[in-house]
Amino acid sequence: MMKSGAGKIAVKRVYEESEPEDGARFLVERLWPRGIKKESLRIDAWLKDVAPSDELRRWFKHDPAKWSEFRRRYFAELESHPEAWRQLLELVRRGERVTLLYSARDREHNNAIALKEFLEARFKK
């Protein structure tokens with residue numbers, strides 16, 4: 001679990017209602033979600049650079065059979081671009097709640113779930 005006094009990382013589909021307990025909300029997709037107007041989505045920032053590369057996203061195609069390899073490749077991309085995710089980790093370390101927003105239909109195999117796992121592992125170090 002997270003260290004005491006630390007913030008929490010939540011993951012939510014972008015189409016779900018925003019709630020006060022979401023804390024800081026970050027869209028972690030390279031492409032804007034379909035059917036949502038930019039002015040109607042409550043987000044603190046759109047972090048395109050923390051999303052998987054277009055090449056990795058196209059290769060994965062949300063195929064659960066590729067989940068393990070997707071995570072390995074995505075974590076390698078994240079490791080090589082710490083500037084993309086460092087601010088999220090700092091917010092959590094300060095005790096703030098962070099919600100990662102994604103647009104995929106698959107609630108178990110998506111980049112926000114993988115990013116949460118990656119950040120929580122970095123937090124524990």
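# Helices, strands and core of a predicted model

Q: On how wide an arc around the axis do the buried residues of α2 lie?
A: The buried residues of α2 are W67, F70, R71, Y74, F75 and L78. They sit on the same side of the helix, because the arc they cover around the axis is only 130 degrees.

Q: What includes the cover over the buried residues of α2?
A: Buried here means under 20% relative accessible area, and contact means heavy atoms within 4.5 Å. The cover over the buried residues of α2 includes α1 (54–60), α3 and α4.

Q: How far apart are the end C-alpha atoms of helix α4?
A: Helix α4 runs over residues 111–124, which is 14 residues. At 1.5 Å a residue it should span 20 Å, and the model agrees, because the end C-alpha atoms are apart by 20 Å.

Q: Which elements do the buried residues of α4 pack against?
A: In α4 the buried residues are N111, A112, A114, L115, F118, L119, E120, R122 and F123. The elements they pack against are β1 (9–13), α2 (67–79), α3 (82–93) and β4 (98–102).

Q: At the start of α4, the backbone nitrogen of which residue is reached by a side-chain oxygen of N110?
A: The side-chain oxygen of N110 comes to within 3.0 Å of a backbone nitrogen. That nitrogen belongs to A112.

Q: Over how many bridges do β2 and β4 pair?
A: Strand β4 pairs with β1 in the parallel sense over five bridges, and there T99 is the bridge partner of A10. Strand β2 (residues 24–27) also pairs with β4 in the parallel sense, and F26 stands opposite L100. The number of bridges between β2 and β4 is four.

Q: What is the distance between the C-alpha atoms of F26 and L88?
A: F26 belongs to strand β2 and is buried, with a relative accessible area of 4%. Its contacts beyond four places in sequence include Q87, L88, L91 and L100. F26 and L88 are 62 residues apart along the chain, and their C-alpha atoms are separated by 8.8 Å.

Q: What is the relative accessible area of I43?
A: I43 lies in the loop between β2 and β3 (45–46). Residues up to four places away in sequence aside, I43 touches R25, L27, W32 and L101. I43 is partly exposed, with a relative accessible area of 24%.

Q: Which residues have the most contacts inside the largest nonpolar core?
A: In soluble globular proteins, nonpolar side chains tend to be buried together. The largest nonpolar core here has 29 residues. Two or more residues of this core come from each of β2, α1, α2, α3, β4 and α4. Those with the most contacts inside the core are F26, V50, L78, L88, L100, L115 and L119.

Q: Which residues does L115 contact, leaving aside its neighbours within four places in sequence?
A: L115 is one of the buried residues of α4. Beyond those neighbours, L115 is in contact with V28, V50, Y74, L78, L88 and L100.

Methods. Residues numbered from 1 in each chain as written. Predicted model: local features only at pLDDT ≥ 70, side-chain atom pairs only at ≥ 80, totals over all residues. Heavy atoms only, no water. Expected span 1.5 Å × (residues − 1). Buried < 20%, exposed > 50% of the residue type's maximum accessible area, 1.4 Å probe, protein only. Polar contact = N/O pair within 3.5 Å; in protein donor to acceptor, adjacent residues only side chain to side chain. Arc of directions from axis to C-beta. Pairing = 2+ DSSP bridges. Core = buried A, V, L, I, M, F, W, Y, C linked by side-chain atoms within 4.5 Å.
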